[in-house]
Amino acid sequence: MEPVTHFLTGACLGRAGLNRTTALATLTLTLAAEAPDLDVVFYAGGSITGFAHHRGFTHSFLGAPITSAVVLAGVYGIYRWLQARGRSMRPPNWKLLYLYGILAGWVHMFQDYTNNYGVRPFWPFSERWYSWDIVFILDPIMLLAMFAALTGPGIFALISEEVGERRPAFRGRGSAIAALLCIAGLIFVRGIEHKRAVTALNSLTYREEEPLRASAFADWINPFAWNGLVETRDFFQMMPVNSMAGEVDPKGAAFIRYKPEETPATLAAKKSHIGQVYLDWAGYPVVEAERLTEGGGYLVHFVDLRFYGTGVLRRQGSVPLQAYVILDPQLRVVDQGMGRAPDESGAKEKAR
């Protein structure tokens, strides 16, 4: 999920009642709910290093205690700063705050598991990726529910103060609980509809070929609309699915992408650093080699069809989370990276 959702989730967890157990609980939960994304620091080492470590150890069961300790150190610094400025508050229960930080880290991991990028929760014992594919990376219903839960009580408090009502010590508990229940209900519904969509995809044949596997990826707002993806022996087929009606490709918008031929160039590219990292992560990888007209080298594209789009052919330049490898005529790697590959002239220059 994107950062705002994580921050708001942590704040709602605090407001839902955990803030009544110790001082600085809401602050700790809010920061810890986003702390696993500190792994962005690895991008300082380049796109490949960043991609290899993204949603790695900070998004695991064993990584949560580490990120919680980092957050607790920051919260302790804030606490000391407030004390130095004369702010009086009851001493926090630091052991409890540490446990809250671990809890928020695990909640973050679960939220990221619900979308199609996935997580590696059992690092370092296993590098396997897991994803539920039921929630889009940005869900406006979740955002709206939590934003309303956190801002609504403040607005009502101003009204209450105007009419002279007593101000409660902890406000917003009911609205925060309601927002968290709303999110849980939405995940429950999406989980059921996702299963129905996948079942519908597996019940059909595609150009007289049986599906080897099928997946359905969430729409950004409609829990009954899914981006279907089926793999057969010879091709991939992408199409919309209406899980409420149990209809696959109701408007005939399916798009077929045939599996590319395996060549010495694609095999060499798959052995590269980015090739190994990318194929370890990708759910539906497609690797295609393009012969450069001058110099005799190759430009190899990596795409994951989970992010390719549905029903409409998208240019490779616009596909998110793609990678590339440039090989010289002897199939040696001369360049590699995440993102859009250099244009042909740039690739030729590197391949020489």
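Predicted model: local features only at pLDDT ≥ 70, side-chain atom pairs only at ≥ 80, totals over all residues.
**Entry 1: R233 and its partner**

I started with R233, which counts as exposed at 57% relative accessibility; exposed means over 50% relative accessible area, buried under 20%, and partly exposed in between, with a 1.4 Å probe and protein chains only. R233 meets E209 in a salt bridge through their side chains, at 3.6 Å from N to O. I took a salt bridge as a side-chain nitrogen of Lys or Arg within 4 Å of a carboxyl oxygen of Asp or Glu. The pair links distant parts of the chain, 24 residues apart: E209 sits in the loop between α7 and β1, R233 in the loop between β2 and β3. Helices (H or I, at least four residues) and strands (E, at least two) are DSSP runs, numbered from the N terminus. E209 is buried, with a relative accessible area of 10%. D234 joins E209 and R233 in a network of salt bridges.

Residues are numbered from 1 along each chain as its sequence is written, and side-chain values use heavy atoms, with hydrogens and water left out.

**Entry 2: other salt bridges**

How many salt bridges does the structure hold? I noted 12. In one of them, R213 pairs with E231, with the closest N and O atoms 2.6 Å apart. This one links strand β1 (R213) to strand β2 (E231), 18 residues apart. R213 is partly exposed at 34% relative accessible area, and E231 counts as buried at 13%.

I also looked up R257 and E288, whose closest N and O atoms are 2.4 Å apart in their salt bridge. R257 lies in strand β5 and E288 in strand β6 (residues 285–291), 31 residues apart. R257 counts as buried at 9% relative accessibility, whereas E288 is partly exposed at 25%.

**Entry 3: R196**

R196 lies in helix α7 and is partly exposed, at 38% relative accessible area. What does R196 touch, leaving out residues up to four places away in sequence? I found S243 and M244, with contact meaning heavy atoms within 4.5 Å. A polar atom of the R196 side chain lies 3.2 Å from the backbone oxygen of M244. The C-alpha atoms of R196 and G246 are separated by 7.2 Å, although these residues are 50 apart along the chain.

**Entry 4: the cores**

Next I went inside. The largest nonpolar core has 33 residues, and C12, M142 and W226 are among those with the most contacts inside it. I read a nonpolar core as a set of buried Ala, Val, Leu, Ile, Met, Phe, Trp, Tyr and Cys residues joined through side-chain atoms within 4.5 Å. Helix α7 gives the largest share of this core, nine residues. C12 touches residues including M146, L150 and L180, not counting those up to four places away in sequence. A second, separate core has 21 residues, including W281 and M338.

**Entry 5: helix α2**

Which residues of helix α2 (residues 25–32) are buried? I listed A25, T28, L29, T30 and A32. Their cover includes α1, α4 (63–84) and α5 (94–113).

**Entry 6: whole protein**

I counted 10 helices and nine strands. Of the 352 residues, 47% count as buried.

Definitions and conventions:
Polar contact = N/O pair within 3.5 Å; in protein donor to acceptor, adjacent residues only side chain to side chain.
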